[in-house]
Amino acid sequence: MEEEKYTVLAKTLAGLEEVLAKELKELGVENPVIGNRAVTFESDNKLLYRINLWSRLALRFFRHISSFEIEKAQDLYDGVAVTEWWKIIGVDQTFRIDNTITSQFFNSPLYAAQLAKDAVVDQFRRRFNRRPSVSKEEPDFTILLAIKGTSCSLYLDSTGEALFKRGYRIQTVTAPLNEVLAAGILKICGWNPDLPLIDPMCGSGTIPVEAALMGMNIPPGYNRPWFAFMNWPDYNKFVWKKIKEEIFSQQKDVNLQIYGYDISRRNLDIAEENIRQLRMHKDISLAKADFLQLHPPVENGMLIMNPPYGERLKNTDIQAFYKSIGDTLKRNFTGFKAWIISSDIDAMKSVGLKTFSKQTLYNGKLECRLHGYDLF
């Protein structure tokens, strides 16, 4: 029997929409439609389970429940009440309403969320004389209320904790790179496991770890014990078990050349702990080094760096620092493709090298530039 199909909304970071759509196609999605920080597509439960496990570039996946038009606040209550929530949420379970709202009908998103919550719990009260509880922390179900103008849509979160939380990060450094962003950078840069990779300012090791996971074809959700879809009434644990078992046959035994350096011993200790947690200490080489004196251990390859900026540089002359980065690349890394991501857009101009690629990305809410340089 063919599984029920429904629309899924995949959320990602701004700038990663196209690479996410490409990744989803590789995972079996047909005809993904690119939106703003989002990709939509048709799915069934089996495919939704798989992409939650395997996607490196999505933050969350939402199952579409319903859409309707509103002309006044009461329309929102009525529209939410149409869905038979008691068939989805158990009376003893918990839920939460998240919202994304730009509408002339609601100056306060909290009021809209309250109306939606009332529509859900009133339905339970009428049917059972009891109601599920609202929980802001780790609810069994999260309903996403999306209102734009007069259009309202309701979604059910299939993911739970955001997918950038891979489970390998025991400790972190100041201003860490989001894991989804790190994986997105690797995809945009065109890195592949045959190419030596150097991260000369590796911090807690996010770029090297994401590269190793990618190179060995280990799903980023491998360490996650739970996804929100496991609470759904139609959750099929046998299908999920089969998808998990397929992981081992898809892993690749490759000889990776991944090198991480940092000037801070503390950063390297954190990176080593994170890498050991994943048992990847044989696949990623770490060493303490000042980038300005660094000579690569290989003749050519790819270099990706996220230099410090702003508060992290304290009293350093940032323009001079970024100029010295450009000078070091030119002097010591001939034959490499180099990529720099930074939120200090002015300082990036001081690198002084000709770019072959420029892209705007976001590390959380922080606007960044990713620049590519050919070092002939």
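In the predicted model described here, the buried residues of helix 1 (residues 17-26) are E17, V19, L20, A21, E23 and L24, where buried denotes a relative accessible area under 20%, exposed over 50% and partly exposed anything in between, with a 1.4 Å probe and protein chains only. Helices (H or I, at least four residues) and strands (E, at least two) are DSSP runs numbered from the N terminus. The model is a prediction in which local features need pLDDT of at least 70 and side-chain atom pairs count only at pLDDT 80 or more, whereas totals for chains, interfaces and linings use all residues. Residues are numbered from 1 along each chain as its sequence is written, and side-chain values use heavy atoms, with hydrogens and water left out.

The buried residues of helix 1 pack against strand 1 (6-11), strand 2 (33-34), strand 3 (38-43), helix 2 (45-54), strand 4 and helix 5 (179-189), contact being defined as heavy atoms within 4.5 Å. Just after helix 1, G28 adopts a positive phi of about 110 degrees.

In helix 3 (residues 73-81), the buried residues are D75, L76, Y77, G79 and V80, and these pack against strand 4 (60-69), helix 4, strand 7 (141-148) and strand 8 (151-157). The axes of helix 3 and helix 4 (residues 109-128) come within 9 Å and cross at roughly 40 degrees; axes are lines fitted to C-alpha atoms, for helices over the stretch in contact, and angles run from 0 to 180 degrees between N-to-C directions. The two helices are therefore oblique to each other, given that angles under 35 degrees count as roughly parallel, over 145 as roughly antiparallel, 65 to 115 as roughly perpendicular and the rest as oblique. The contact is made by A73, L76, Y77, V80 and A81 of helix 3, together with residues of helix 4 that include Y111, L115, D118, D122 and R126.

An open sheet of seven strands has the order 11-10-9-12-13-15-14, with mixed pairing, two strands being taken to pair if DSSP finds at least two bridges between them. Strand 11 (284-288) and strand 14 (355-363) stand at the edges with a single partner strand each, so one side of each is left without a neighbour in the sheet. The twist averages 20 degrees from one strand to the next.

Within this sheet, strand 12 (residues 301-305) is mostly covered, five of its five residues being buried. Strand 12 runs parallel to strand 9 (residues 197-199), to which two bridges join it, and I198 has L303 as its bridge partner. Strand 12 also pairs with strand 13 (residues 336-342) in the parallel sense over five bridges; here L303 stands opposite A338, and M302 stands opposite K337. Helix 6 packs on the sheet, touching strand 9, strand 10 (258-262), strand 11 and strand 12, and its direction makes about 155 degrees with that of strand 9. Helix 8 (residues 265-277) lies across strand 10 and strand 11, running at about 165 degrees to strand 11.

T206 is placed in helix 6 (residues 206-215) and is buried, with a relative accessible area of 4%. Not counting residues up to four places away in sequence, T206 touches Y168, R169, L177, N178, E179 and A182.
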